[in-house]
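Please examine the sequence and the three-dimensional structure shown below. The paragraphs that follow lead through the fold, beginning with a single side chain.

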Amino acid sequence: MSKKYKTIIIDDERLARQEVKRALKPFPEFEVVGEASNAEEAKSLISSLNIDIMFLDIHMPETSGLQLLEELTIIPEVVFTTAYDQYAVKAFELDALDYLVKPLRQERFNKMIEKVKKILSEKDKNQTPVSIHQKVFIKDKENFHLIQVRDIWLLESMENYARIYYGTHTVLIKKSLNLLEEILPSQQFFRINRKQIINIDYIEKIHPHFKNKLQLVFKTGETFEVSSRQSAKFKNWISL
């Protein structure tokens, strides 16, 4: 079974969105999981879904497609669709995969898809989980932090954001806890409940808690409660 790529279409014109969907029909591996008619709707989709690629109109009311990209923390791959061709240089400066002028021509669209499939396939091959020994760059508002993965001891869900605790510091990033769980080393980080992921190296004591739950006491002094479901998994995971 071929890999599915989560795709969204962002355009203020409904007919233009339908045009992209029609052009995508011969390519079932590109699964359209959402549509947006403006930047705010688009931001909500991008933060809640792990998007692989978006087809993005440049000219939209209030916030343009170019402005939208500048406001995003997590940027999926982008193909611009627009009725104007004067933004091509700017689009490629923003590392867009391609730039299509409306109305779309199926032959040109098909060539773009072949190119995009190669790029996404290479990206899949090179995408490996983060190592505990790695350092990662994290952007928090206008600031960048270089963090050693092993120094992260807690990650907490904050709706569309996640708060990362490392050393005595915290940063807030626009990534879901589900996405972070996928890329963090699974032998080191464990999801203890819907809201929290912990680094097991920081556990000092484990206590039985009510209703078959576990309570973890950290070297940092904090205490965490593991949900009933995750407590059973945790016991098996560390062979208690």
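Which residues does Lys43 touch, not counting residues up to four places away in sequence? Lys43 touches Leu68, Glu71, Leu72 and Lys174, where contact means heavy atoms within 4.5 Å. Lys43 is found in helix α2; helices (H or I, at least four residues) and strands (E, at least two) are DSSP runs, numbered from the N terminus. Lys43 is buried, with a relative accessible area of 16%. Here buried means under 20% relative accessible area, exposed over 50%, and partly exposed in between (1.4 Å probe, protein chains only).

The model is predicted: local features need pLDDT of at least 70, side-chain atom pairs count only at pLDDT 80 or more, and totals for chains, interfaces and linings use all residues. Residues are numbered from 1 along each chain as its sequence is written, and side-chain values use heavy atoms, with hydrogens and water left out. The pLDDT is the predictor's confidence in each residue, from 0 to 100. Its mean for the protein is 87, and 91% of the residues reach 70 or more. Confidence is highest in α1, at 97, and lowest in helix α4 (residues 88–93), at a mean of 67.

The protein has seven helices and 15 strands. Its C-alpha atoms fill a box of roughly 65 × 40 × 30 Å, taken along the principal axes. Of the 240 residues, 45% are buried. Among contacts with a separation of 6 or more, 47% are between residues 24 or more positions apart. The accessible surface comes to about 13700 Å², and carbon and sulfur atoms account for 49% of that area; accessible areas come from the Shrake-Rupley method with a 1.4 Å probe, and for residues only the protein chains shown count as cover.

An open sheet of five strands has the order β2-β1-β3-β4-β5, with parallel pairing. Two strands pair if DSSP finds at least two bridges between them. Strands β2 (30–36) and β5 (98–101) stand at the edges, each with a single partner strand, so one side of each is left without a neighbour in the sheet. From one strand to the next, the twist averages 20 degrees. Axes are lines fitted to C-alpha atoms, for helices over the stretch in contact, and angles run from 0 to 180 degrees between N-to-C directions. Within this sheet, strand β3 (residues 53–57) runs parallel to strand β4 (residues 77–82), and five bridges join them. Met54 stands opposite Val78 in β4.

Helix α1 packs on this sheet, where it touches β1 (5–10), β2, β3 and β4, and its direction makes about 175 degrees with that of β2. Helix α2 (residues 39–48) lies across β1, β2 and β3, running at about 140 degrees to β2. In α1 (residues 14–24), the buried residues include Ala16, Arg17, Glu19, Val20, Ala23 and Leu24. These residues lie on the same side of α1, because they cover an arc of only 155 degrees around the axis, the arc being that of the directions from the helix axis to the C-beta atoms. Arg14, Leu15 and Arg22 are exposed on the other side of α1.

A further open sheet of five strands has the order β10-β9-β8-β12-β11, with antiparallel pairing. Its edge strands are β10 (169–173) and β11 (189–191), each of which pairs on one side only. Neighbouring strands of this sheet are turned by 15 degrees against each other on average, direction ignored. Strand β9 (residues 161–166) pairs with β10 over five bridges in the antiparallel sense, and Arg163 stands opposite Leu172 in β10.

Strands β13 (residues 203–208) and β14 (residues 214–218) run antiparallel and are joined by five bridges. The bridge partner of Ile203 in β14 is Phe218. Their hairpin has five residues between the strands, and Lys211 takes a positive phi near 55 degrees there.

Backbone geometry also deserves attention in two loops. Most residues other than glycine have a negative phi, and most peptide bonds are trans. Glu62, in the loop between β3 and α3 (65–71), has a positive phi near 70 degrees. Glu62 is exposed, with a relative accessible area of 81%. A cis peptide bond joins Lys102 and Pro103, with omega about -5 degrees. Pro103 lies in the loop between β5 and α5 (106–126).
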